[in-house]
Amino acid sequence: MKAFIIMLSLLVSGIGAKAQENYATSLIPKELLSYASAVVRNEEVNIEVKDLDNTFYHVKKAITVLNKNGVREASIVLEDDKTNILKGVKGLIYNEFGKPIGKFSESDFEKTDYVNGFSLFEDTKIKHYTPTISEYPYTVTYEYTTKSKQSLFFDAWEPNSSTGVAVEKSTFVFSCKPDFNIRYKELNMPSKVVTGTNKDKENTYTWQLTNLKAIKSEPYSPNDNKYLSCVKIAPEKFNYLGVSGSFDNWNQMGKWVYDKLLVSRGGLPSSTADRMKQLTEGITDPKLKAKKIYEYMQDKTHYISVQVGIGGFQPFLASDVDQQNYGDCKALVNYTQALLKTVNIDSYYCLVKADAPKQSPLVDFASMDQFNHIILCLPFKNDTTFLECTSQKIPFGFLGDFTDDRLVLACTPQGGKLLHTTQYKPQNNLQQCKANFAINADGTLSGDMVTNFKGLQYDNRSFLAEEAPKEQVKMLQRIYAINNLEIDKYDFKLDKSVQPMLTETIKLNARDYGSNNNGKIDFLVNATNRKTNTPHEVRNRHYDLYINSGFIDEDEVTYTLPKDYHVDLRPANITINKPFGSFSMSTAVIGDQLIYKRKLQITDGTYSKEMYQEFVDFYQSVSETDNTNVTLVKNN
Amino acid sequence: MKKALLIIILFIGTQRFAHAQDFDKSVTTEDLELKKYAKDTAAHAVFLDEFGNSRIDVVSDDHVRLIFNYHARIKIFDAKGLESGTITIPIHHSADNETAEEVDEIVGTTYYRDDDGLMRSAPLDIKKVYTVKDYKYRSTVKFALPALRPGCVVDFKYRLMSPYLDGFRSWDFQDEIPKIHSKYEVHIPAFWNFNASLRGGIKLSNTSSELERECFSSHGAKCDCSHIVYEMKDIPAFIGEDYMTSPKNFIAAIYFEEVEWTNPYTSVKTVVAKTWKDIDHLLKSDENFGSQFKRKELMKDRITPVITGKTDELEKAKAIYTYLQKWYKWNNYIGIYSFEGIKKAFDSHSGSIGDINISLAAALRAADLNVELVVLSTRENGNINMLYPVISDFNYVIAKVNIGEKSYLLDATDPLLSFGLLPLDCLNDKGRVISLDKPSYWIELSGLQKESSTRALDLTLLDNGKIKGTIINYYSGYDAYKKRKAIKKFNSVDEYVESQDEKFPKLKILKSSITNLDSLELPLSETFEVEIDAFDNLNHNRLVFNPFLWEKITTNPFKLAERDYPVDWGMASDSRLVLSMHLPAGYTIESPPQSVAFKMPGNGGMYASSFEEGGNSFTFSNIIKFTKPIYTSEEYPYLKELYNKIILTEKADMVFKKK
């Protein structure tokens, strides 16, 4: 017996000695240092589901900060509120040679509310701490335990999600009782899961990655779920703040959302219902009816976000919005849905991941954490219309690049359905400019221009239409890079249809647009739509070329030249055709006029990474052509 | 100048006192009918009326508090104006929340016409008022008024109670939206004495004062109060401009600064600031300021090894500065005081502006150098009231070391600043120098330093149409600091060079070197050996070339026809370009660039270029100079025009012609 005890203690101390890691910076493999400002030396993330309302996160992390840019990677932000309770956190700091130089504990953390740019209030509270070390490199190690009272979603494991961070080793262990079934999704994982059981007889799922190089951000790269390693976990059965449920697929998830979060949130006072009937009286086309009601909703409401408890997923009551005139995306969609219902128009509450670049949920993996916004779908026969309900100005049925061309989950009484939102093709996203300008002998430019903005390009100007006139002039002077631009008259005409169009008319003048030196006038051939920022080159590109949205710009400018001058130099005509787009520019001199034509088309899509350099060269040619001078010389 | 930066002392009017009070008229149908504000038809919303009342008084728990009551009524015209219906009230508190400002008695109502055109009102639900903690010392009370729609009128009130009696509440007459009427009423017990000053260029429409008898009483202590009312009418919206310093310098507002106070119970009088002499005394004896500055013994041991063997004063000062710059990490808090004392800051390697720079000053003193402290107000914080001392105007402190005839201003909070260089945010107005052994005095901070850069290109056009050569960029003064900062954004110099290479697709960097990246006191230079794909070949009779190939100014940063506020760059600047170009045999220069020289009146700025041709090569050089840190709105048109001339000149191409 005695021998046994001795042996055991030896073993324990042996483990202890081994666990005392050496964090000297010199031990980091050289290949992990390029493009890295910080290196995760070791990370162990352990999610343990004890019960449906009792999940523990045990996290241990050691990270070396190599320079100033890596400081934020070692800053620790932890949730600590009603849903997620911080059970303890502590850490140590080591110098370059791996010698401990400091420690910290929970009392060093500052507690604040979670503040973001768009919410009036959220009930999430955080504790945060950033070690202050003035000499680089240094290493921070810490561990914490958080208890979560919900099991609807679990933090995905994304071992190297930030740019500039390399990872030596990261381990993810998910453990749960045998009767807690999960689905998991491995994205871009070189190795597969290892399953087993632990000493508590829990099922374990383990993933591990080693030696991941730091990611360098590349312009025009695809969505990061195309290349980042990630494991997502979803439960079969769960509890979320008192609401329980289960789902395996999108249909079941949509059903759960409908049954548990949406049903009976749509009640409205009868006066409001009557008003909707009155408003749509005499209109037979259900789409026109819906438009009328949508515009009523736009005039009445505005966006204010308040997220408390289950309210993070469940909309305010429609009757509340009716009274308060405000709500977040959930509330405003639910309200619009309720208004439409009063005139018997059915619509679907749709979960979407908003913003550009477009992102769709994983078709074969249903989970709640793949969305951040709600829109409304009108499932008319042969004509599915989607409505963005948080803007007072957006045209009926128009989505812009915020939610276009992607899958959304429509939550219907029959369950969830993945639907595809409106796609805007390059030929729909038009900017067409026609201008008639005169160049004077002193270099002054004057004349009129009319530009139509269609499809996604409608939003190039829609924000301007709301501004006060003084602001509008200021912004136009910024938009058009014409030196000394004076706007004599301007007008915006908005055609707010499903295919919206904005027409901008400007009468302008600009002195010294051309420079006159000794009877020679230089002026830029492209006055209105010059490309000045070209995408920068990328050496050793890793990712494909991805263009999120396509468009066509067409410009036609007629310059009337000053008397007694003729064209001496002008840019050579050019035509370029590439898979991702085309460009053509031509000039013609007819009498005393120079006619300039330009067409630029960019086609959205994913192209091989080898194509990227061609893309850079393409834009470089566009930019050079745009910035070429015409030279006029006085006749002898 | 249309609206000069203006601070005036207010003399209490002798007019008869018009009994002032909160507006209590009800919202009228005219208010709801109003379609536009006649004096500013573009306004998205307008304050119909605004009223504030501040007093120092005893509250229910027997504490003396500053009690501020606020009431506003806003007409909302359009969807953009709806944001005026979301109210945020910042409140301050200590780190442990033991002393804190509190907001209560919130009442809000929205008046609107419903869909049937009937006038209705909707009250704010008090449960929908939220308090958010932003950081250690500040929270925000927030609420959104209900039932907003374009055309509605919102009316809300609240009370804010503050334990901080030394900062009597200021009042902004001017806002981002116009105001028809704004009135501020104060009641100040004679135990407290404040100076009032008006900022901005708008006149009060009315001011009146009276004495209130025995308005303050607490535990037998009684005194009279000054009851003063300030009013403004038809206040235009404040619209900021680019390159402007703090809006606080220009917004119409009234500020109060504590002069002295008497403890009501002990009758002990505390002079806060009547004269600079008072302030000097106060600061020198303050345990978070002067006392820390005096702790040279504390710093002696720590800096002895740093200056061992150094005899020259300047060398010592530089060694200490560099040492502390590397030692400390700034914790992002600013202020003139050392929050927790310089010992704690030193031991933890971290501190506020006050902690770091006061310990720098103490360390320099420990080396027997002649050191002073300079308190100043950052550009963001606004200008200093020069009429009388206002200690709360200052929010930043730096050290001033005097060596021989010269003095150097030092800020150790940023490791990339060279000895004697200050961050841009400090280059504002004047600073007050606080010495331990002589009275304080002003020094000018604006325009203290310069930024300058020179770009030298030596290029050869080759037979294959490529251009090969060297580009050398020199940066000195603040430009060197900015460039170092930009380079340090990358993990290594190689990564920086790669980014430069990637920026210009037609340019390939073949070799590069950067010198003095870490020798902060020397000018920084970067040398690039480059190859440029200029022309696809030389089978053209005429080649068009623009000498501004690396960087060209194409748009004027100044667009407004005229400005209300000065352009404030904080420092003078100087940038030069020298291009030497060699052409292959057989080429001549058909249209050489013109040699030009433009000057602003009073030598405020200039642009000049010159061109010299010699055989198959030419040299082109130019210089852009702005000699002043600040340009007034009168000088603005000249500044704008100088840019116009620069753009015009840089636009002109050269043509190389085959013989």
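Begin by selecting strands S4, S8 and S7 of chain B: these 3 strands form an open sheet in the order S4-S8-S7, with antiparallel pairing. Strands here are DSSP runs of E with at least two residues, helices are runs of H or I with at least four, and both are numbered from the N terminus. Two strands pair if DSSP finds at least two bridges between them. The model is predicted: local features need pLDDT of at least 70, side-chain atom pairs count only at pLDDT 80 or more, and totals for chains, interfaces and linings use all residues. Residues are numbered from 1 along each chain as its sequence is written, while chains are lettered from A and ligands numbered from 1 in the order in which they are written.

Next, colour the edge strands of chain B, S4 (86-92) and S7 (129-135), each of which pairs on one side only. Strand S8 of chain B covers residues 138-144 and is joined to S7(B) by 6 bridges, the two running antiparallel. Within this pair, select Lys133(B), which stands opposite Ser139(B) in S8(B).

Now move to chain A and select helix H4 (residues 286-300) and helix H6 (residues 329-341), which pack at an angle of about 140° with their axes 10 Å apart. Axes are lines fitted to C-alpha atoms, for helices over the stretch in contact, and angles run from 0 to 180 degrees between N-to-C directions. H4(A) and H6(A) are therefore oblique to each other (under 35 degrees is roughly parallel, over 145 roughly antiparallel, 65 to 115 roughly perpendicular, and the rest oblique).

Finally, show Ala290(A), Ile293(A), Tyr294(A) and Met297(A) in H4(A), which meet Tyr335(A), Thr336(A), Leu339(A) and Leu340(A) in H6(A) (contact requires C-beta atoms, placed from the backbone, within 7 Å).

Key
Two residues are in contact if their C-beta atoms, placed from the backbone, lie within 7 Å.
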